[in-house]
Amino acid sequence: MTQDISLAGAVTGVGSWPGADPREAATVVLGELGRLPHLVELPARGLGADMIGRASALLVDLQLDVSTSAYRVVQRRGSVAKRATDFLNQDLDALEEAWESAGLVGADHVVKVQSVGPLTLAAEVELGTGRRVLTDPGAVRDFAESLGEGLARHAAEVTRRVGAQVLIQFDEPRLPAVLAGTLSGRSRLETVRAMPEPEALAVLEAALAGSGGVTMVHCCSADLPTDLLRRSSARAVGLDVSQLSPSDLDGIGELLDAGKELVLGLIPATAPAVPATWRDLTRPAVTLIDRLGFPRTTLRTQVAVTPACGLAGADASWSRDALKLCAEVSSAFTDDPESL
């Protein structure tokens with residue numbers, strides 16, 4: 001299987017989807033996202049179906065369960081990990097069925113899968129002592145390596161089932177807080193230090209490299225660490241354009257100069273109070289590219305389009321509308337970006 005995946009000109013979802021029916025979700029996503037569909041996450045199903053719960057089904061030789069306050073490392077596989085594995089298998093079954101029904105078997109396609117990134121995972125999960133995994137450098141490395149290996153297996157399973165190449169997305173919403181040291185301790189006696197960028201990059205890179213695939217990192221938070229992401233091996237960087245500030249511009253330009261592809265979150269994740277047209281929704285990206293001094297053809301050659309974040313909080317109608325608007329915006333970027 002070749003590894004020549006490019007996101008330029010593509011449309012995809014961030015990951016989460018409303019509702020609890022994996023078959024319906026897979027059918028809709030395949031119908032709306034022909035070129036780059038994603039394996040949906042359905043957090044409305046409860047424990048084991050959220051971002052951290054999904055990771056408990058992917059980790060190798062590390063077990064998670066829930067405590068009164070968070071997911072926690074445990075010695076033996078518990079009920080939540082079993083639920084998470086069942087949910088993941090249901091999602092894979094639904095994708096495989098929808099794939100066959102859509103007549104995609106045997107064609108050259110790409111599927112995106114998502115996982116929480118190693119730094120956000122370490123920030124959210126507790127050790128047996130109740131402290132964040134992030135406070136133990138050895139445990140952080142173990143989690144990164146376990147996650148990378150688990151995602152390599154996961155991607156291989158997706159390829160086995162549908163015959164497609166796999167793009168692996170690492171979700172790192174906590175990355176800015178990890179670097180800034182703004183995470184609170186689980187108790188008054190615990191402090192969570194700011195992780196130096198070289199150390200954070202090494203952790204992220206362990207998971208990226210361990211997955212063995214083409215990767216992207218998605219962070220929909222403010223204070224995007226563009227320099228760290230530029231130095232990573234990720235093919236692309238996903239972000240919520242509305243979170244960018246003027247201080248981010250140089251870093252975004254450096255990402256593009258380095259050949260990274262940008263996956264721009266341009267469509268609201270929930271229905272806006274005032275309806276927006278596709279032309280309205282192109283403006284932040286056009287303005288960004290113009291301010292950076294890049295030709296507008298960059299919107300065709302280095303940009304993909306997504307909703308601003310996951311769609312789990314949207315209703316069924318807006319989730320479909322959001323993907324349709326993504327497609328219309330992407331078509332405008334591809335067809336005639338100079339006219340925007």
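A nonpolar core is a set of buried Ala, Val, Leu, Ile, Met, Phe, Trp, Tyr and Cys residues joined through side-chain atoms within 4.5 Å. Buried means under 20% relative accessible area, exposed over 50%, and partly exposed in between (1.4 Å probe, protein chains only). This is a predicted model, where local features need pLDDT of at least 70, side-chain atom pairs count only at pLDDT 80 or more, and totals for chains, interfaces and linings use all residues. Residues are numbered from 1 along each chain as its sequence is written, and side-chain values use heavy atoms, leaving out hydrogens and water.

**Nonpolar cores**
- The largest core has 100 residues; Trp 17, Leu 134, Leu 229, Leu 266, Ile 267 and Phe 333 touch the most other members.
- Helix α5 (residues 137-162) gives this core its largest share, nine residues; helices are DSSP runs (H or I, at least four residues), numbered from the N terminus.
- A second, separate core holds 11 residues, including Ile 5, Leu 7, Leu 36 and Ala 304.

**Salt bridges**
- The whole structure has 18 salt bridges, each a side-chain nitrogen of Lys or Arg within 4 Å of a carboxyl oxygen of Asp or Glu.
- Asp 227 and Arg 230 form one (2.5 Å, N to O). They sit three residues apart in helix α8 (residues 226-231), so about one helical turn separates them.
- Asp 290 pairs with Arg 296 (2.7 Å, N to O). Asp 290 is partly exposed at 37%, whereas Arg 296 is buried at 16%.
- A network of salt bridges links Asp 93, Glu 96, Glu 157, Arg 160 and Arg 161.

Methods:
Helix = DSSP H or I, 4+ residues; strand = E, 2+ residues; numbered from the N terminus.
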